[in-house]
Amino acid sequence: MSPLALDVAHLFAGGLVLVSLMLLYQDRMTGLINIFALHALVVSASVAWQAYIQHAPHLYITAAIALVIKAIVIPLALHRIVVRLGIHRTIEPVVGIGLTMLAGIGLIALSIMVMLPITSQAGTLAREDLSFSLSVILLGLLMMISRRNAVSQVIGFLSIENGLILAATGARGMPLVVEISVAFSILIALIVIGIFLFRIRERFETVDIHLLHEHRGEQP
Amino acid sequence: MALAALLWCASALLASAVAAPLLARHRAASAFVYGISLCVSATGLVLSAAALLSPASLGATLVLPVGLPWLGAHFRLDALAAFFLVVINLGGAAASLYALGYGRHEEAPGRVLPFYPAFLAGMNLVLLAADAFTFLFSWEFMSLSSWALVMAHHRRPGNATAGYLYLLMASFGTLALLLAFGLLAGASGGYEFQAIRQAPPSSAIASVVLVLALIGAGSKAGLVPLHVWLPLAHPAAPTHVSALMSGVMTKVAVYGFVRIVFDLLGSPAWWWGALVPLLGGVTAVLGVLYALLQEDLKRLLAYSTVENIGIIFIGLGLALAFEANEMTGAAALALTAALLHVFNHSLFKSLLFFGAGAVLGATGERNMERLGGLIHRMPRTALAFLVGSAAISALPPFNGFVSEWLTFQAILLSPALPQWLLKFLVPAVGALLALSAALAGACFVKAFGITFLGRPRTPIAREAAETDRWSLAAMLTLAALCLLAGILPGYFIDALAPVVEALTGANLPRQEQLDWLTIVPVAQSRSSYNGLLLFFFIALAAGVGAEVIHRFASRSLRRSAAWDCGFPDPSPSTQYTAGSFSQPIRRVFGSVLFGAREEVRMPPPGDSRPATLEVRLRDVPWDVLYAPTAKAVDFIAGLLNRLQFLTIRGYLTLVFGALVALLMVLTLWQ
Amino acid sequence: MILDAFVQLGEMLVVLLFSPLLVGYVRKLKALLVGRRGPPMLQPYRDLLKLLRKDVVLAESASWLFRVAPYLIFACTWVAAALVPTFATGLLFSYAADMIAIVALLGSARFMLALAGLDVGTSFGGIGSSREMMIASLAEPAMLMVVFTVALLAGSTQLSSIAAFMQGPGVGLRVSLAMALVALVIVAIAENGRIPVDNPATHLELTMVHEAMILEYSGRHLAMIELASHLKLLLYVSVIGCVFAPWGLAVSGQGLAAYLTGLGVYAAKLAAAGSLLAVFETAIAKMRVFRYSDFLGAALMLGILATLLLFVSRIAA
């Protein structure tokens with residue numbers, strides 16, 4: 001594999017990690033959804049490049065699915081949900097932005113430290129993609145636990161799936177069937193979450209999780 | 001030979017310490033004592049510098065029949081001891097020179113004069129000690145004499161608390177060192193350093209010894225979280241003693257750490273090279289942030305000492321990391337950087353404390369917010385303090401930059417480390433070091449700017465007078481040395497070569513043959529620095545600029561009121577204060593680290609009461625570590641207090657119980 | 001050897017003479033972009049000459065430090081700018097200072113400037129100095145992380161070696177370098193007091209950092225300080241050009257023609273950078289002081305991330 005090909009793959013994978021960090025940095029809803037669209041765009045570009053250098057044409061379909069569903073359809077749907085539910089447009093983090101970013105950098109270092117030694121037998125491309133995809137997954141989890149808003153948790157969950165796609169393509173191809181089933185299940189999950197969000201909003205007038213705690217019945 | 005002479009110097013200091021109370025009433029007593037200290041320290045400096053520069057004369061051991069009967073007192077002068085002796089005696093000579101002038105306004109000379117030479121003697125003896133007992137005895141002697149000096153003005157508010165806390169932490173540190181030496185001596189009980197060197201401990205014991213050495217030496221040096229006594233005790237002592245404590249005694253603590261970990265412990269484990277730099281980095285950043293929040297000039301300088309100790313420990317930790325991975329060249333670089341910073345810091349910290357003492361003597365104030373405009377009244381002190389501030393902020397062409405530059409070069413060698421944690425930790429520590437260097441610049445702009453520049457904020461500052469010539473001589477000498485060490489760093493690096501060689505087994509390339517006195521730590525193609533050329537170019541550029549301007553531009557100048565955008569305010573209270581200067585930084589860093597909260601209380605319109613701004617800070621190590629520990633100790637002491645009030649039958653029961661327990665232990669053991 | 005000395009001298013003169021031109025070019029372009037005609041491109045030279053001919057009016061509370069500071073600031077900045085390879089690498093005295101030393105020299109200049117701001121004892125000077133030191137406390141670590149990233153890649157902190165490495169084949173397309181470039185641009189904007197951090201054309205208290213510190217300066221002193229700030233902008237542009245766009249740099253020993261070509265390429269790089277700066281400044285609004293830490297914190301994070309990602313890429317794995 002030529003160095004330029006490796007470098008471009010590295011560029012896309014590193015860019016995905018950077019966009020995950022940018023997702024953590026956002027404090028407005030529209031910005032968050034747009035950056036998520038960028039996230040999906042980078043992942044589809046990365047998969048398309050992998051399809052090119054690995055000579056695996058079925059990955060082009062994966063890239064197309066990621067592009068259409070996650071970079072176009074889902075952000076548009078989320079924009080509409082935000083407008084219809086009248087969700088509060090700013091996202092409050094649990095701890096300050098600075099600490100969250102520092103934690104994010106620590107998680108990236110941790111995933112590199114974990115992944116690189118144990119994949120010493122694999123090829124360079126696979127090693128890089130696995131380390132970066134673990135970072136993206138951990139950053140998505142961090143986003144889910146450090147935000148007080150249901151929509152941002154949904155986006156964190158979706159970005160985890162993007163990380164999984166990166167891992168799967170880096171490890172030499174992913175059968176199309178698996179990808180279709182995974183994407184389909186994500187779509188179903190999103191529809192269900194959307195329905196729940198509508199119901200929660202109807203019932204409690206808010207989707208702020210902190211405020212919803214009071215209705216759990218176990219609080220003193 | 002040199003060893004015997006140095007021991008005689010220490011004895012001379014002890015003799016003058018004993019003689020001082022007898023002369024204390026005499027008018028010239030302080031001149032006598034400080035004069036003797038100056039001569040003896042200068043002699044010690046010359047002797048140890050000569051020993052360091054001619055390594056063949058090192059290594060002699062001397063055994064004196066004092067101390068423990070079966071042990072004696074071993075003394076040895078090797079390269080490491082010689083280097084630290086140079087640092088100590090230079091600081092001691094400078095402080096004695098300063099004190100010849102400053103000591104004249106001492107209100108209670110009987111409390112200071114006996115202990116000052118004892119303090120110097122104790123420090124010298126710690127460095128010369130070659131067995132654990134002599135080391136610990138001299139260490140305690142040094143601590144106690146400095147405690148007596150801290151308590152010299154014990155009636156001033158806060159000094160008694162400072163002394164108590166200092167005594168507590170010093171005893172705690174000595175306990176840790178005692179345990180460390182006990183573990184090192186092992187079951188055989190060989191307390192001489194030579195015997196310990198020949199019987200290196202197992203890796204588990206070595207790790208425990210490292211932690212104990214970090215606690216013991218670190219608490220004396222000021223590592224976070226054991227630093228809490230330092231900003232209370234250092235300012236409480238008279239200024240020349242503060243300079244010695246900050247600039248010199250902390251270096252003795254560093255010596256203790258280096259001696260135990262690098263010399264006596266054998267080869268390090270790799271995780272030591274992760275723990276020590278991390279502690280150093282955290283100490284550096286926290287130290288300088290605390291310093292930025294202070295308005296007392298001496299407390300600011302004490303916290304700045306904490307920061308620089310952090311930088312030194314970063315260098316030492318890097319040397320441990322490289323040493324553990326057999327990268328001796330890189331270890332030599334890191335160790336050289338740390339030791340050079342030891343030397344540099346003793347120079348500029350003493351200089352800064354002398355300046356603060358001069359200000360204190362001239363105005364009676366340590367609070368920066370009551371000073372200002374002193375550059376007009378005390379121009380030479382201001383110049384010396386400016387040089388010290390520039391040096392401590394690591395600005396070329398002064399010496400602080402050289403040791404920081406070498407530390408950065410050592411950090412850049414980190415990719416070659418095999419352990420992943422170290423690979424990531426070292427650049428992170430580099431980021432912390434860069435952050436602390438930038439914040440130190442801010443801190444000293446504040447310290448110099450608020451104290452010396454601007455307009456005088458109180459009548460006392462308006463009436464200040466320049467200090468006496470002894471103090472000025474000490475300050476200007478140290479300032480010149482700061483510049484010299486920055487311009488000609490190659491000679492100092494070469495002088496450190498025998499020390500580094502002995503401890504790591506490798507060396508930096510010899511610097512003195514390089515063109516134009518550049519320093520090249522690793523290879524010419526990698527990086528180099530030439531302080532002399534930079535200084536020359538800056539002077540040339542400034543000169544050319546001045547010449548061209550004065551030749552072709554208008555030379556006229558007139559004085560007028562300040563412009564101030566057209567609204568000059570005659571009241572000096574509209575200037576920035578220390579608190580307002582550090583407000584942006586406090587806002588950025590303080591809200592997370594110190595829980596800094598500002599509260600503004602505005603009276604309603606029409607009310608003529610002033611508005612108030614209140615800043616609340618939390619001292620996290622104190623709240624998390626010290627306050628709960630103090631409460632726990634109080635609680636246990638309260639429980640045990642009941643033992644005081646038992647009946648006779650109760651005490652007999654205790655004795656009986658102890659006897660039975662010992663007999664049971666004896667049976668089980670057999 | 002003689003040619004080398006001339007080249008070094010030429011370098012020093014080039015940075016001195018081109019810096020007001022760069023500033024004039026940026027100002028002209030900014031004016032054109034908002035529909036004005038703008039001042040002529042040579043106006044900064046005329047401004048400096050005008051200032052040189054004027055009297056110096058010193059505040060009564062100003063000290064000797066106030067009068068000496070402009071010369072020191074100018075000297076430190078000029079020496080730092082003269083050590084950056086602009087049209088040629090391998091200059092005669094380039095081994096005297098590497099990137100870390102250049103950053104520290106700029107720190108010396110900033111130290112003196114901040115002190116000069118505090119000297120007269122007005123509140124404007126205090127505002128400028130304290131904000132400047134806050135920006136510096138974030139920008140310097142970010143700059144040093146960029147230096148680390150580039151040095152870890154190139155194996156050296158000397159700018160000549162870095163430029164030579166970047167021109168060579170071993171570099172490739174690296175995401176770490178892209179992040180380092182973005183971080184360096186953010187630091188350059190903050191350090192030079194351009195929008196969105198500071199507005200170089202305003203005298204309103206809320207928006208001043210650099211202008212507040214030099215408020216009391218006049219005449220020849222102000223001329224030196226203005227020239228020093230022009231030199232600082234040129235220095236940062238030269239560093240970005242030398243590290244990230246090193247093509248066209250003459251190597252020492254290649255003869256006069258190579259140097260002249262290098263000079264022409266350098267002028268083109270300055271024009272490109274000036275155009276980008278003008279467009280960027282016109283398109284963005286200035287941010288509040290309290291947001292500086294977010295902005296510069298992003299640069300610091302990018303620098304740290306760039307260093308981390310280097311370890312994953314093929315050179316260090």
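Buried area here is the accessible area (1.4 Å probe) that two parts lose on being put together, summed over both. In this predicted model, chain A and chain C bury about 1700 Å² between them, and carbon and sulfur atoms give 78% of that area. On the residue side, the contact draws 20 residues from chain A and 18 residues from chain C.

Who does the work on the chain A side? Asp7(A), His10(A) and Ile105(A) supply 28% of the area that chain A buries against chain C, more than any other three residues. As for helices, α1 (3-25), α4 (97-118) and α5 (124-145) of chain A each bring at least two residues to the side that touches chain C. Of the residues on that side, ten come from α1(A), which gives the most.

Helix α2 (residues 29-54) of chain A packs with helix α3 (residues 58-85) of chain A at an angle of about 175°, their axes 8 Å apart. Angles over 145 degrees count as roughly antiparallel, so α2(A) and α3(A) are roughly antiparallel to each other. The residues of this α2(A)–α3(A) contact come out as 21 nonpolar, seven polar and one charged.

Terms used:
Residues numbered from 1 in each chain as written. Chains lettered and ligands numbered in written order. Predicted model: local features only at pLDDT ≥ 70, side-chain atom pairs only at ≥ 80, totals over all residues. Heavy atoms only, no water. Axes fitted to C-alpha atoms, helices over the stretch in contact; angles between N-to-C directions. Helix = DSSP H or I, 4+ residues; strand = E, 2+ residues; numbered from the N terminus. Parallel < 35°, antiparallel > 145°, perpendicular 65-115°, else oblique. Nonpolar A, V, L, I, M, F, W, Y, C, P; charged D, E, K, R; others polar. Contact = heavy atoms within 4.5 Å.
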